[in-house]
Amino acid sequence: MKVGIDQIGYFTPNKYVDMVDLAHARNQDPNKFLIGIGQKKMSVADPTQDAVSMGINATLRYIDKIDQSKVGLLIFGTESSVDQSKSGSLFVKSALKLDPAVRAFEVKEACFGLTAGLMIAQDFVRLHPDQTAIVIGSDIARYGINTAGEVTQGAGSVSLLVSSNPRILELNEGHSAYSEDINDFWRPNYSKTAKVDGKYSTQVYLDFFKHTFSDYKRQKGLETKDFAAIAYHLPFTKMGLKANRLAIEGVDEETNARLMDSFTASKELNANVGNIYTGSLYLSLLSLLENGGLKAGDLIGLFSYGSGAMAEFYSANVVEGYENELDKAADEALLDKRRKLSVPEYEKIFSASLVDPQNNVELTSDEKKGRYYFAGICDDIRQYRVK
Ligand code: HMG
C-alpha cells in the first residue's frame with residue numbers, strides 16, 4: 001500500500017524584514033547575510049500570530065479540498081508551544097471543526113517535531129488506510145536583537161495531510177535515524193529566545209547528515225546518483241548548501257549539476273521566510289516541488305535535523321500529477337503581500353513579543369480576512385478568532 005503526503009499547506013505572517021536593511025542596521029556587509037548565510041528576508045510574527053494561529057492558517061490552505069470526516073489523527077509539532085499542558089492540536093481541531101473522535105496531541109524535539117509527527121502519521125495510515133492524518137509544524141524562531149542568530153530568525157507553519165494513495169509524494173518504508181544528547185541549541189522554559197552554540201550546531205548538523213545519508217544509502221543499496229533531489233532542514237539556506245556539497249562529493253558531473261539545481265529550487269521559499277524550525281524541511285520540500293521541475297517517480301531524499309539532537313534521513317517518490325495539488329501562485333502571493341518593516345519597527349514588535357500578554361486585554365490583527373489570529377487571554381484562557 002502507498003502512503004504519503006497528499007496535501008501541503010503553508011502559512012507565514014504578513015510582515016518581514018529585508019536582510020539588506022538588517023545588515024546595515026547591524027554594521028555588517030549585506031553579502032554576509034545574502035551570501036554567507038543565504039537569506040534574503042525573514043518573516044516577523046506580531047503578537048497576534050503564534051504557533052497555533054499559524055498552524056490553523058496553514059491547514060486552512062487545503063482543508064476545503066479534503067474529506068474532513070476521514071481525519072483520524074492530528075499531530076502538532078512545535079517548540080513554540082503556547083501552553084505547558086494543552087496541546088496546540090486541540091485549538092486547531094476546534095477551529096477546523098473536526099470530529100471529536102480525532103486523536104489529537106503535540107510533540108516536541110526541536111526542529112524534528114514535524115518529522116516525528118509524520119512518521120507516527122505514516123504508521124497510523126498504514127494501519128488505518130481509510131483514515132487520514134493532519135501533521136502540523138509551527139514555530140517562531142527567536143534568537144534576539146543584535147545576536148549572531150538574529151539573521152536566522154523567521155516565523156511560519158507547514159501542514160501536511162498524510163493518506164493512502166497520496167497525490168503528492170509516496171513515502172518509502174525505512175529510514176536512518178541518529179541521536180545524541182548534546183547542547184547545540186535549546187530554549188529553557190524561562191527564556192523566550194533560544195540559547196545556541198552556533199558554530200557547534202552547524203558542525204553537528206553536518207556530522208549527522210553524513211552519518212544518516214551514508215547509512216540510508218547502505219541500507220537501501222542506493223547511490224547518490226539515484227536521487228533526483230535532496231531536501232534539507234534549512235535553518236538558513238547556506239546550511240543546506242554545505243550539506244548538499246557533502247552529498248555530491250565525488251559524484252559524476254550530471255548528478256552534481258542536477259543536485260545543485262534542485263537545491264537551488266528547494267531554497268527559494270526558505271530564503272524569503274527564514275527559519276521556521278519544525279516546518280523548515282517541509283517548506284523546502286514545497287519549494288522544490290514548485291520550482292524543481294520534478295517528474296513522476298523521481299526519488300527525493302529528505303534530511304530532518306532537530307537540535308539536542310536528533311536527525312533522520314528518509315525518502316519519497318513523486319506522484320504523477322503532483323503539480324495539480326500545489327498552488328504556486330498563492331504560495332508566492334503570501335510572500336509578496338507581506339508588509340516590509342523598518343528595522344526599528346521590527347525591533348519594537350520583537351521586544352513586545354518577549355513580554356507575556358496581559359490577561360483580559362483584547363488584541364486586534366491586521367492579517368487579511370479569513371485568517372485566524374491570537375486575540376488575547378480571557379480569564380487565563382487563550383482566545384483565537386478569525387478575521
Ligand atoms: P556568524 O558568527 O555570523 O558566522 O554566525 P560567520 O562569521 O562564520 O559567517 C557566516 C558565513 O558568512 C561564513 O561562511 C562567512 O565566511 C560568510 P561559511 O564559512 O559558513 O561558509 N561571510 C561572508 N560571505 C560573503 N560576503 C561577506 C561575508 N562575511 C562573512 N562579506 C551562525 C553564523 C549560523 C553560527 C549564526 O547565525 C547562528 O548561531 N545561527 C543560529 C544557529 C543555527 O541556525 N544553526 C544551524 C544548525 S542547528 C539547526 O539547524 C537546528 C535549529 O534549526 C533549531 C532546532 O532544531 O530547533 C537551529
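**View 1. Helices α3 and α4 of this predicted model are oblique to each other.** Helix α3 covers residues 51-60 and helix α4 covers residues 88-95. Their axes come within 9 Å. They cross at roughly 45°. Angles from 65 to 115 degrees would count as roughly perpendicular, and those under 35 degrees as roughly parallel. The crossing of α3 past α4 is right-handed. On the α3 side, look for A51, V52, G55, I56 and T59. They meet G88, F91, V92 and A95 of α4. This contact holds 6 nonpolar residues, 3 polar ones and no charged ones.

**View 2. Helices α8 and α10 pack at an angle of about 115°.** Residues 253-266 form α8, and residues 280-291 form α10. Their axes lie 7 Å apart. The two helices are therefore roughly perpendicular to each other. Here, too, the crossing is right-handed, with α8 passing α10. From α8 come S262, A265 and S266. From α10 come S284, S287, L288 and N291. The contact of α8 with α10 divides into 2 nonpolar residues, 5 polar residues and no charged residues.

**View 3. A shell of 30 residues lies around the ligand.** Which of them come nearest? They are K32, G36, A110, C111 and G198. By type, the shell has 14 nonpolar, 11 polar and 5 charged residues.

**View 4. A cis peptide bond joins G308 to A309.** Its omega is near 5°. Most peptide bonds are trans. A309 sits in the loop between β13 and β14. Strand β14 covers residues 310-318.

**View 5. K97 has a positive phi.** The value is near 55°. K97 is a residue other than glycine. Most residues of that kind have a negative phi. Where is K97 placed? Find K97 in the loop between α4 and β5. Strand β5 covers residues 103-107.

**View 6. The whole chain holds 12 helices and 17 strands.** The C-alpha trace spans about 60 × 55 × 40 Å along its principal axes. The radius of gyration of the chain is 20 Å. A compact globule of 387 residues would have a value near 21 Å, so the chain agrees with that expectation.

How values were computed. Residues numbered from 1 in each chain as written. Predicted model: local features only at pLDDT ≥ 70, side-chain atom pairs only at ≥ 80, totals over all residues. Axes fitted to C-alpha atoms, helices over the stretch in contact; angles between N-to-C directions. Helix = DSSP H or I, 4+ residues; strand = E, 2+ residues; numbered from the N terminus. Parallel < 35°, antiparallel > 145°, perpendicular 65-115°, else oblique. Left-handed = near helix turned anticlockwise from the far one by under 90°. Contact = placed C-beta atoms within 7 Å. Nonpolar A, V, L, I, M, F, W, Y, C, P; charged D, E, K, R; others polar. Near = placed C-beta within 6 Å. Rg over C-alpha atoms; globule rule 2.2 N^0.38 Å.
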